[in-house]
Amino acid sequence: MAYSDFSVTCTEVPAAVCLSLFGRPDDYVEEDSPAQAVQQYSPAHTGAVTSVAALTSDLCVSGGKDKTVVVYNWRSGAVLKRFVGHQREVTKVACVFESNSFFSASRDKTVMMWELHRNSGPSQHFPGHDLVVTGLAVSPDSLQLCTGSRDNTMCKWDIETGECLRRAAISRNLVTHLCWVPAEPYVIQTSEDKTIRIWDSRELQVAHRFPVKQYIQTYCDVSQDGRYCISSSNGFGGEGCEATVSFLAGQRIAACSRSLQKLIPIDGNLSHGSLIKILNKTGPRTD
């Protein structure tokens, strides 16, 4: 994979360009169209929802500060199953779409694997980090798992055996998020050191590092064709809350500084409350 870097602002590249790269999400609303209607159900968690991932076209997996993992039917609003095993709050959930297995990371420094049709506890444990696990990505073939932590390390695991195959540490690399590039051995990682790294999972070595950004990088995702990556930063004092789209085959094409909900094909809407909200295009304007 080769890379060259340049950027333009979102005043030069409209949000529609970013959407065309990642696919237009169902909850996307044009600026001049009616606002979304919010479909809201009973709380899935007793505390804040920290992470959401799509398991099937009908089911999503969520993790919360209540230490639980929930499989939720977002169409009916019903909690299908609740999984208990972590000792502290769940920080991330991840899965391969249309699979029966999913994973959760926690402040208890562990990762657990769960089976949709299994009624007992986790089917696999992945202990080994020294601090909270903050990054979680599953290989497209569901054979390997990559995890990252605030202990500055990245780990690669064999899912079947639970064995840690490789471990790599980079000073001040406080991992914030991971995502696996579809059909490739590459894992993209964001960090509190304001850096976006691309790891080659085969040897767990950094294959590319983008220029250091001005603000902490909090999230990353990859388009389904594996050509584009989007990352976001938290900013400070109302400045720097931006998303950056990178062309993985050659060059970064845009630095987008508009509302992230208009740029990212998110699976759901996370909340500091205990609710998962499903956003629809139809409904009366509320703003």
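**View 1. Phe83, Phe102 and Trp114 come together as one aromatic cluster in this predicted model.** Rings of Phe, Tyr and Trp (its six-membered ring) count as a pair if their centres lie within 6.5 Å; planes under 30 degrees apart are called stacked, over 60 edge-to-face, and the rest tilted. Searching the whole structure turns up 6 aromatic pairs. Take phenylalanine 83 and tryptophan 114: their ring centres are 5.5 Å apart and their planes sit at 55 degrees, so this pair is tilted. Phenylalanine 83 belongs to strand 5 (residues 78-84) and tryptophan 114 to strand 8 (residues 110-115), so the pair ties together parts 31 residues apart in sequence. Strands here are DSSP runs (E, at least two residues), numbered from the N terminus. Are phenylalanine 83 and tryptophan 114 buried or exposed? Both are buried, meaning under 20% relative accessible area, with exposed being over 50% and partly exposed in between (1.4 Å probe, protein chains only).

**View 2. Phenylalanine 103 and phenylalanine 126 make another tilted pair, because their planes are at 50 degrees, with ring centres 6.2 Å apart.** This pair links distant parts of the chain, 23 residues apart: phenylalanine 103 is in strand 7 (residues 101-106) and phenylalanine 126 in strand 9 (residues 124-127). Phenylalanine 103 and phenylalanine 126 are both buried.

**View 3. Strand 4 (residues 68-73) and strand 5 run antiparallel, joined by 6 bridges.** Two strands pair if DSSP finds at least two bridges between them. Look for asparagine 73, which stands opposite alanine 78 in strand 5. The hairpin has 4 residues between the strands, and glycine 77 takes a positive phi near 80 degrees there.

**View 4. Here's an open sheet of 4 strands, in the order 10-11-12-13, with antiparallel pairing.** Strand 10 (133-138) and strand 13 (164-169) are at the edges with a single partner strand each, so one side of each has no neighbour in the sheet. Strand 10 is joined to strand 11 (residues 144-149) by 5 bridges, and alanine 137 has cysteine 146 in strand 11 as its bridge partner.

View 5. Over residues 4-22, though, pLDDT is below 50. Where pLDDT is low, the predicted coordinates should not be read in detail.

**Notes.** Residues are numbered from 1 along each chain as its sequence is written, and side-chain values use heavy atoms, without hydrogens or water. In this predicted model, local features need pLDDT of at least 70 and side-chain atom pairs count only at 80 or more, while totals for chains, interfaces and linings use all residues.

Note on methods
pLDDT is the predictor's confidence in each residue, from 0 to 100. Contact means heavy atoms within 4.5 Å.
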